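Trainee: I would like to go through the aromatic contacts of this model. Please show me the sequence and structure.

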Amino acid sequence: MPHQSLEQAARKMVLLSKATTEQYSYIKTCMSTTFSPQIPIVDLSKPDAKNLIVKACEELGFFKVINHGVPMEAISQLESEALKFFSMPHIEKEKAGPPNPFGYGSKSIGHNGDVGWVEYLLLTTNQEHTFSVCGQNPEKFRCALKIYMSSVKRMACEILELMAEGLKIQPKNVFSKLVMDKQSDSVFRVNHYPACPELAVKGENLIGFGEHTDPQIISLLRSNNTSGLQISLRDGSWIAVPPDHSSFFINVGDSLQVMTNGRFRSVRHRVLANGFKSRLSMIYFGGPPLSEKIAPLPSLMKGKESLYKEFTWFEYKKSIYGSRLADNRLGHFERIAAS
Ligand SMILES: C=C1C[C@]23C[C@H]1CC[C@H]2[C@@]12CCC[C@@](C)(C(=O)O1)[C@H]2[C@@H]3C(=O)O
Ligand SMILES: O=C(O)CCC(=O)C(=O)O
Ligand SMILES: [Fe+2]
């Protein structure tokens, strides 16, 4: 059974890793994280979807989507190819790395010292580059990626159009056209968090993926049935997101926060490693073309000043790659109101 071999591989990874988990940042905040019914659920097939989406983006910057239209078959195919990839020996996986910027990465996230109990594939959504994905059957992996990505991109556009409709702004493709653009700088990521048996023994927490906001416009996340994802509320407390393998979780990204002049919030989130089960998640990050100006839409300003300085997505990207995961990246671009 592929699942069994995955757990075995994870265990091996733990045993073989000389430094074990000592070098990672343990976090002791588990007391403030609880499962809660607070995650809004949006049924894309219902007429009130657009209003629920706007409310969720204003309050949390996060919601769950059901009846999303991505066939379970496409999801399972990609999941199974990804699991095959991650169950290969480390030396084989390394052939697809390092992620500069695309490819296989392990433990290290970005280039500024962030680490987590995670291994991942970071890919461009642009066809040609996904060819760097290796593995035993790269053709099958690529094919599954292509089918999944086109379906998820369609959902991203549908959600972005519902946002514009819910905000009552014209044309309804103001946001979605950026992700639909041929030059769109969208990214795809598959994260694998091996089970970390040491945690189960010690009863401690270990960071899988440190807290951050996603810089793009919108992120669409699907994971297996393993918990770990948490989001931060306005008051700074963390809530655990109950896993749901058949739904998608949507994050507002920094760029959408700027385009709505702060009305929508980009949500801080993180992943904790699990002591018993491995987690596999796949995330589509819908981004604008590099040359696109990221600025509040005039129709959302209503005579108010922009909260942000003007910048292009290229400029923002340059700045994020010099940042640490937990940094407040939008801080540099906030306009201090002249009084
Ligand atoms: C420390 C990091 C790692 C970054 C860049 C920088 C700050 C934000 C991280 C992310 C988070 C969202 C996906 C990603 C692909 C992105 O666009 O921003 C990540 C990227 C990476 O994993 O390389
Ligand atoms: O793997 C996950 O569940 C979330 C990871 C994440 O937030 C990211 O890759 O930006
Ligand atoms: Fe993220």
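Trainee: How many aromatic pairs does the count come to?

Mentor: This is a predicted model. Rings pair if their centres lie within 6.5 Å. By this rule the count is 10 aromatic pairs.

Trainee: Are the rings of Phe 62 and Phe 249 stacked or edge-to-face?

Mentor: The ring centres of Phe 62 and Phe 249 are 5.8 Å apart, with 10° between the planes. Planes under 30 degrees apart count as stacked. The pair is therefore stacked.

Trainee: How many residues apart in sequence are the parts that Phe 62 and Phe 249 tie together?

Mentor: Phe 62 belongs to strand β3 (residues 62–66), and Phe 249 to strand β11 (residues 248–252). The pair therefore ties together parts whose separation in sequence is 187 residues.

Trainee: Are Phe 62 and Phe 249 buried or exposed?

Mentor: Buried means under 20% relative accessible area. Phe 62 has 1% and Phe 249 has 3%. Phe 62 and Phe 249 are therefore both buried.

Trainee: Which class does the pair of Trp 313 and Tyr 316 fall into, stacked or tilted?

Mentor: Trp 313 and Tyr 316 are three residues apart in helix α10 (residues 313–320), so about one helical turn separates them. Both residues are buried. Their rings are 6.1 Å centre to centre, and with 45° between the planes the pair is tilted.

Trainee: Which residue has its charged end over the ring of Tyr 120?

Mentor: A charge sits over a ring if, among other conditions, it is within 6 Å of the ring centre. Here the distance is 4.2 Å, and the residue is Arg 189.

Definitions and conventions. Residues numbered from 1 in each chain as written. Chains lettered and ligands numbered in written order. Predicted model: local features only at pLDDT ≥ 70, side-chain atom pairs only at ≥ 80, totals over all residues. Heavy atoms only, no water. Phe/Tyr/Trp six-rings, centres within 6.5 Å; stacked < 30°, edge-to-face > 60°. Helix = DSSP H or I, 4+ residues; strand = E, 2+ residues; numbered from the N terminus. Buried < 20%, exposed > 50% of the residue type's maximum accessible area, 1.4 Å probe, protein only. Lys NZ or Arg CZ within 6 Å of the ring centre and 35° of its normal.
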